[in-house]
Amino acid sequence: LFTALLSGVLPAAPCHAQGRLAVELTTSPKADDVVGQRLAYLVTEELESSHTLQLTYAQAATRTHVYLVTLDPTHRGEMTVFSVTVTFDAPGTQGPIYLGSSVASVGLDNVEQAAQGVVAEVSQNIDAFRASLQHQAGR
């Protein structure tokens, strides 16, 4: 099982000189509010331009899935509260593996920074999972 997980997380195309590897991601933005829609768009843009993460729209058997859910509690289009959950799914696992999640709020003026933070958090979750798998495989 660890070998299957490692093959799903590790063997992707090298992206830059530091040897970081690309990981395919699928986003599911459910943004029904103005700021949430902007956040989902900017997260998608950040993922598409990332040197370490590769955004995909294909339903691959092995994938990292980023769920982004937003809600405007004021209904004034000034802010959104959002949740990001990251899971990993591969053949041989008994369903998605939880990698991490967070909840935050952002105003219209800080959406770009929030999108960058979401992508950084996704990358950190994947790196921690990769390190855990490598540790488990080394036992």
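**Reading the model**

Tutor: Threonine 87 touches Arg63, Thr64, His65, Tyr67, Pro96, Ile97, Tyr98 and Leu99, leaving aside residues up to four places away in sequence; contact means heavy atoms within 4.5 Å. This is a predicted model, in which local features need pLDDT of at least 70, side-chain atom pairs count only at pLDDT 80 or more, and totals for chains, interfaces and linings use all residues. Residues are numbered from 1 along each chain as its sequence is written, and side-chain values use heavy atoms, with hydrogens and water left out.

Student: Is threonine 87 buried or exposed?

Tutor: Buried means under 20% relative accessible area, exposed over 50%, and partly exposed in between (1.4 Å probe, protein chains only). Threonine 87 counts as buried because its relative accessibility is 10%. This residue lies in strand β4; helices (H or I, at least four residues) and strands (E, at least two) are DSSP runs, numbered from the N terminus.

Student: What pattern does the chain follow along the sequence?

Tutor: The order is α-β-α-β-β-β-β-α, with 3 helices and 5 strands. Of the 139 residues of the chain, 40% count as buried. Among contacts between residues at least 6 apart in sequence, 64% join residues at least 24 apart.

Student: Which residues are buried in α3?

Tutor: An α-helix has 3.6 residues a turn, so residues three or four places apart point the same way. In α3, the buried residues include Val111, Ala115, Val118, Val122, Ile126, Phe129 and Leu133. Helix α3 has 28 residues and reaches 41 Å from its first C-alpha to its last, close to the 40 Å expected at 1.5 Å a residue; the expected span is 1.5 Å times one less than the number of residues.

Student: Where does alanine 120 lie, and how is its accessibility classed?

Tutor: Alanine 120 lies in helix α3, residues 111–138. Alanine 120 is classed as partly exposed because its relative accessible area is 35%. The C-alpha atoms of alanine 120 and glutamate 46 are separated by 9.6 Å, although the two residues are 74 residues apart along the chain.

Student: What is the phi of histidine 75?

Tutor: Most residues other than glycine have a negative phi. Histidine 75, although not a glycine, has a positive phi of about 60°. Histidine 75 lies in the loop between β3 (63–71) and β4 (79–89), and counts as exposed because its relative accessibility is 70%.
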